[in-house]
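Please keep the structure open as you go through the points.

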Amino acid sequence: MSMKIIEMHLLPVKLQLKNAFVSNHETVSRREVSIIGLKNDTGIWGYGELEAFSTPYYTPETQRSARLIIKETLGPLLKNVQIYQPEEITNIFSEIAGNQMAKAAIETAVWDLFAKIQKKSLAVLIAQKIHTKSRRNVPVGISIGAKSSFAELKNAVISANYQGYQRIKIKVTSVEELNLIKKILQVFPNSTFMIDANSSFSLKIASKLAEITAPNLVMIEQPLRTTDFVDHSILQARITTRLCLDENIFSLDDVRTAYTLKSAQAINLKLARVGGIANALAIINFCWEHGLLVWCGGMLEAGIGRATNLAVASLLGLDFPGDISASSRYYSKDVITSEFMLARGMLSVPLGLGIGVTLTPKYQQALQDTTSFL
Ligand code: OSB
Ligand code: MG
């Protein structure tokens with residue numbers, strides 16, 4: 001079964017976060033994403049989400065820059081192209097440098113389309129590609145924004161535990177906050193923690209980071225500068241806790257660099273940041289073959305992006321709980337008709353075709369009402 005894409009639509013949406021999310025890069029209170037809708041030559045729609053932020057702190061791409069690249073550069077590359085497999089998109093886009101999030105928005109939508117025409121869920125299609133199975137229920141964790149007081153942080157941890165999250169990630173932006181987390185690790189010996197510094201530290205505090213080791217601390221994510229592999233490698237050699245890279249990883253080449261230099265022992269994999277599903281699968285394969293712990297990250301996705309992430313996170317073998325929390329944690333009004341709900345610390349993968357979720361009538365209409373740019 002092959003297809004052509006005959007229409008491409010792009011709809012920017014702004015969603016209000018229930019609680020502002022604080023990291024070293026920025027404080028996000030309003031999340032802007034864009035929904036991409038592709039119509040194929042048999043009238044079937046596939047959906048993707050553009051995950052760049054409004055500002056270029058976490059990655060160089062922004063919503064506006066990525067929409068421009070999608071409309072002017074990437075979209076036209078698929079005009080009148082007969083597509084036989086979703087992986088072909090990555091090859092077609094490979095002549096364009098960077099712009100991973102713009103690429104991923106289209107690429108993930110094409111995967112949704114292929115799953116739909118093959119009459120299966122995206123989770124099953126992805127699992128078949130990588131010769132494993134898809135789990136129906138996926139254990140998940142939560143990422144708690146940086147907190148400056150111990151009481152606030154403790155309450156957030158109690159709430160996460162009460163809800164059943166299987167792993168708690170805490171953002172840190174300073175050494176003071178790191179000291180608060182050190183206490184938290186002692187107060188909750190039975191919870192599994194990780195720390196995400198979002199590039200807020202330098203080798204100057206290597207000894208502080210070495211001290212924070214605890215049996216319930218499984219990894220420290222991106223302590224040092226984005227794009228640095230060398231200092232991460234020096235730090236990893238000095239501390240016993242696993243390092244995990246996030247901001248550094250845009251491609252399989254970056255993962256190979258991290259592996260070869262021993263810059264980290266774990267990889268936070270974000271589909272959007274690595275240019276989509278085909279690249280994500282190549283990274284997963286590499287990590288599995290080389291003993292790197294790989295797990296599915298998140299970046300405050302709306303419903304379409306969350307469903308796409310969950311399809312990947314459902315892979316048997318990708319077992320470490322990802323940053324894919326329940327819908328209720330993020331937005332009071334999402335873009336889809338259903339909610340992802342937490343049950344026994346797990347989200348269940350939708351059973352429908354493709355991503356298995358549906359845009360609300362309002363967003364579907366608004367998307368269809370935009371002019372196709374293909
Ligand atoms: O560093 O993993 C990160 C959110 C936005 C940008 C970067 C990150 C995050 C998170 C939140 O940690 C994960 C989530 O979506 O729940
Ligand atoms: Mg991170």
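1. A word on exposure comes first: a residue is buried when its relative accessible area is under 20%, exposed when it is over 50%, and partly exposed in between, using a 1.4 Å probe and protein chains only. With a relative accessible area of 61%, Lys 262 is therefore exposed. You will find Lys 262 in the loop between H9 and strand E10 (266-269); helices (H or I, at least four residues) and strands (E, at least two) are DSSP runs, numbered from the N terminus. Phi of Lys 262 is near 55°, a positive value in a residue other than glycine.

2. Before going further, please note that this is a predicted model, in which local features need pLDDT of at least 70 and side-chain atom pairs count only at pLDDT 80 or more, while totals for chains, interfaces and linings use all residues. Residues are numbered from 1 along each chain as its sequence is written, chains are lettered from A and ligands numbered from 1 in the order in which they are written, and side-chain values use heavy atoms, with hydrogens and water left out.

3. Asn 99 also deserves a look for its backbone. Most residues other than glycine have a negative phi. Asn 99, not a glycine, has a positive phi of about 55°. Its place is the loop between H2 and helix H3 (100-117), and Asn 99 counts as partly exposed because its relative accessible area is 22%.

4. How do helices H9 and H10 cross? The axes of H9 (residues 252-261) and H10 (residues 277-290) come within 9 Å and cross at roughly 20°; axes are lines fitted to C-alpha atoms, for helices over the stretch in contact, and angles run from 0 to 180 degrees between N-to-C directions. H9 is therefore roughly parallel to H10, given that angles under 35 degrees count as roughly parallel, over 145 as roughly antiparallel, 65 to 115 as roughly perpendicular and the rest as oblique.

5. The axes of H3 and H10 come within 8 Å and cross at roughly 90°, so H3 is roughly perpendicular to H10. Glu 107, Thr 108 and Trp 111 of H3 make the contact with Ile 277, Ala 278 and Leu 281 of H10. By class, there are four nonpolar residues, one polar and one charged.

6. Is helix H11 (residues 303-313) mostly covered or mostly open? H11 is mostly covered, with eleven of its eleven residues buried; among them are Arg 306, Thr 308 and Asn 309. The axes of helix H4 (residues 122-129) and H11 come within 8 Å and cross at roughly 40°, which means that H4 is oblique to H11. Leu 122, Ala 123 and Ile 126 in H4 meet Thr 308, Ala 311 and Val 312 in H11. This contact has five nonpolar, one polar and no charged residues.

7. Finally, two loop residues. Ile 83 lies between helix H1 (63-77) and helix H2 (88-93) and is buried, because its relative accessibility is 0%. Ile 83 and Ser 2 are 81 residues apart in sequence, yet their C-alpha atoms are 5.5 Å apart. Gly 164 sits in the loop between helix H5 (150-163) and strand E6 (168-171) and is partly exposed at 26% relative accessibility. Leaving aside neighbours within four places in sequence, Gly 164 is in contact with Leu 342 and Gly 345.

Methods: Contact = heavy atoms within 4.5 Å. Nonpolar A, V, L, I, M, F, W, Y, C, P; charged D, E, K, R; others polar.
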